[in-house]
Amino acid sequence: MAAVLKKRALAEYSQTVQEQPPTKPIKKLRLVKKSVVDSSGGAYIGLLDKYKTSYDILQLLLRVSDSLPLPEDDIPLAVKRLCENVPKQKEAAVRVKILSLLGEIGTEAGSDVSSIVEDILGLLAKETSHKVIAEGLNSVFKLGKLIPDVSGSGLHLKLIQVSKEYLKDTNHMVKRKCLSIIGKFLPNNERDPNTLATMRFVNDYTHSEDPRVRADAFLTLIALHERGIKVDVSFYNETCQSLKDDYEVVRN
């Protein structure tokens, strides 16, 4: 019996006791839901007022371009916000981009083309930058082609009248856009005295000091002739004289 107790005591004495490391508390994971940024062009337009520098605004407008076309329901509000932002922008480059965007949006299904043209013309009435005016005229030229070609169309006649006013601008880009509009939208109505008067007005610019304007004036007369509008025979001699022009762009 004593031998058994001795063996048991020896075994307990020689047994190695391993301490268990303290249990670390279980970390709880906190799930955070990231806010989802709407990538639609309409959402970007809504952020225009939050950007201050021209560079940031231009980058935002480029994103809008990349996001087109807009959902049809978003178009009216997008057009309104863009138009409201034009007077707020000090940099001409930003205003140019906005007018370009209006021209793009106006070509989308569901757009009120006539209304957008009127909006652009209203913005141009207060504009002083030649580049912005030229871009605005380019946009209405593009949108005007989407309006049914009805003889005496009220909006087309308005575009002609506006173009005749802006032809007095000193910048060649503005003049050339105006000539393009006249060549495309002048009504084919020989009985209308305004048609012949406008053609004579265009012919005056074949004598412009700027060869680019002279060249486009001749191209406008050709475009009118190709549309079936009779060109006054008196213009023929002047056209022949252009073949002797000092600038190749006019001779061609």
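Predicted model: local features only at pLDDT ≥ 70, side-chain atom pairs only at ≥ 80, totals over all residues.
## Helix α5

Eleven of the 15 residues in α5 are buried, so the helix is mostly covered (buried means under 20% relative accessible area with a 1.4 Å probe, protein chains only). Among them are V94, R95, K97 and I98. Their cover includes α3 (54-67), α4 (75-85), α6 (113-124) and α7 (130-144), counting contacts as heavy atoms within 4.5 Å.

Now to K175, in helix α9 (residues 172-185). K175 is buried yet has no salt bridge (a side-chain nitrogen of Lys or Arg within 4 Å of a carboxyl oxygen of Asp or Glu). The nearest side chain of opposite charge is D169, 6.6 Å away; Lys and Arg count as positive, Asp and Glu as negative, with His and the chain ends not counted. Leaving out residues up to four places away in sequence, K175 touches L167, K168, D169, T170, Y205 and V213.

## The whole protein

The protein has 13 helices and zero strands. Buried residues make up 40% of its 252 residues. Of the contacts with a separation of 6 or more, 65% join residues 24 or more positions apart.

## Reading the values

Residues are numbered from 1 along each chain as its sequence is written, and side-chain values use heavy atoms, leaving out hydrogens and water. Local features need pLDDT of at least 70 and side-chain atom pairs count only at pLDDT 80 or more, while totals for chains, interfaces and linings use all residues.

Notes. Helix = DSSP H or I, 4+ residues; strand = E, 2+ residues; numbered from the N terminus. Buried < 20%, exposed > 50% of the residue type's maximum accessible area, 1.4 Å probe, protein only.
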